[in-house]
Amino acid sequence: MSSSPALPARGRGLAALVVVLCWLAVLFDGLDMFIYGSVLPHMLEQKALGITSAQAGDLGSYATFGMLVGALAAGTVADRIGRRKLMVACVTLFSLASGLCAVSGGVAVFGLGRTLAGIGLGGLLPTAISMVSDYAPRGRGALTIGMLMTAHHAGGILSAYVALWVVEPLGWRAAFWICAVPLLFVPVLLKFLPESLGFLLAKGRTEEARALASRYDVELPAPRSDRPAAADRWTSLLSLFRGGEWTRTLLYWPASFGGLLLVYGVATWLPTLMRSEGYELGSALTFVVLFNLGGIVGMLVAGRAADRFGAPRISAIWFALTAGGVFLLSVRMPLALTFTVVFLTGVFLNSAQTMIYATVSIRSTPDSRATAVGWTSGMGRFGAVFGPWLGGRLLAADKGDWGFTAFALAGVASMVLIGAASLRSAPKERDSAGRSLVGAH
């Protein structure tokens, strides 16, 4: 008898419903995250709100700082109010914040809107991942999470088309009004999205969770034995520095910093930097589409490559290829070749960071794994704040041509750091690379 029988129609229907609703929510998350970078060349050209290049970098960092706050707070808030309510709150927050950006009359209000949007964006993704993990069909958890992660990059693609089709005729405010439209999606979530099985179990509502799982033939999540109680969390953190672990921990953290500096620095400044290299706005926005298409492809292939060759090796190689691709973007090439380089850079860049989390997960003991991955992700978030700021400072100093070089150097640094960490000891076992997709951004 098969260990993973096919789901009945009702079970498949519930799984599909949860995945589709979460995928759409993450799509809106990606749209809101990438829209600023897509409309930024127009805003700078029109001197919208009087924004300078330096201020533009600061504003880009506000959203990523908000994401840092949102990601760190998501677990605690979800434990209190539930995954479903938190998803609804996050979509509501970043939609209203985009509306605030659309009506802003100055840099301060616009910056407040981007910060609030970042808090909602940062809290949504880990919550959506938890939801689809609970309701994924049996034996399809990794595939389901991988599919969910593609929505973020699909949102990036959508942002480029919004900028291309809406900004020129209607102005930059129209783009942010479109990012407020997901507010209409909130009633759909409230009506159709079920509560997380993991939350029901954590709250002791076991019978309710069991009945729901039985009704729709989905598996109950395993108890979260890898999540320490509040009193034990400092012990778990200290375990990352005991014995020889401290050296690997202090290599993982800056590697993650460099990886997310690259991801969010390039995501924010790619259209503007390409414009500074002499490309038309239409071509610059096409680069955003290709970059995110590459991200989708990279998410789907990175796990397979890591399964075969090992996550640490793939992460180091991916960062090396990313650094080469980013540096090549500072060289004027034929348009078709530039398109190819941007696509391949998207393939490697967006999944190189994922492989850092995979490496940390593989090299950690079960009792410290959640803490190790969580803190590696948290330290990386500071890179996500620094990347947009760095790009703005370089452009403000008329050194935009150094932007790609600076981002390439961050890739080289992450390659060296993750490579050095992987040499500290060989892994005893390999986790599923698909499972590591959870912490991609």
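## Ground rules

The model is predicted, so local features need pLDDT of at least 70 and side-chain atom pairs count only at pLDDT 80 or more, while totals for chains, interfaces and linings use all residues. Residues are numbered from 1 along each chain as its sequence is written, and side-chain values use heavy atoms, leaving out hydrogens and water.

## The chain overall

You will find 16 helices and zero strands here (DSSP runs numbered from the N terminus: H or I of at least four residues for helices, E of at least two for strands). Of the 441 residues, 57% are buried, meaning under 20% relative accessible area with a 1.4 Å probe and protein chains only.

## Phe404

Phe404 sits in helix H16, residues 403-422, and is buried at a relative accessible area of 1%. Leaving aside residues up to four places away in sequence, Phe404 touches Leu270, Leu273, Met274, Glu277, Val326, Leu329 and Ser330. Trp269 is 135 residues from Phe404 in sequence, yet their C-alpha atoms are 9.5 Å apart.

## H13 against H16

Helix H13 (residues 311-328) and H16 have axes that come within 8 Å and cross at roughly 165°; axes are lines fitted to C-alpha atoms over the stretch in contact, with angles from 0 to 180 degrees between N-to-C directions. H13 is therefore roughly antiparallel to H16 (over 145 degrees).

Residues meeting across this pair include Val326 in H13 and Phe404 in H16.

Methods: Buried means under 20% relative accessible area, exposed over 50%, partly exposed in between (1.4 Å probe, protein chains only). Contact means heavy atoms within 4.5 Å. Angles under 35 degrees count as roughly parallel, over 145 as roughly antiparallel, 65 to 115 as roughly perpendicular and the rest as oblique.
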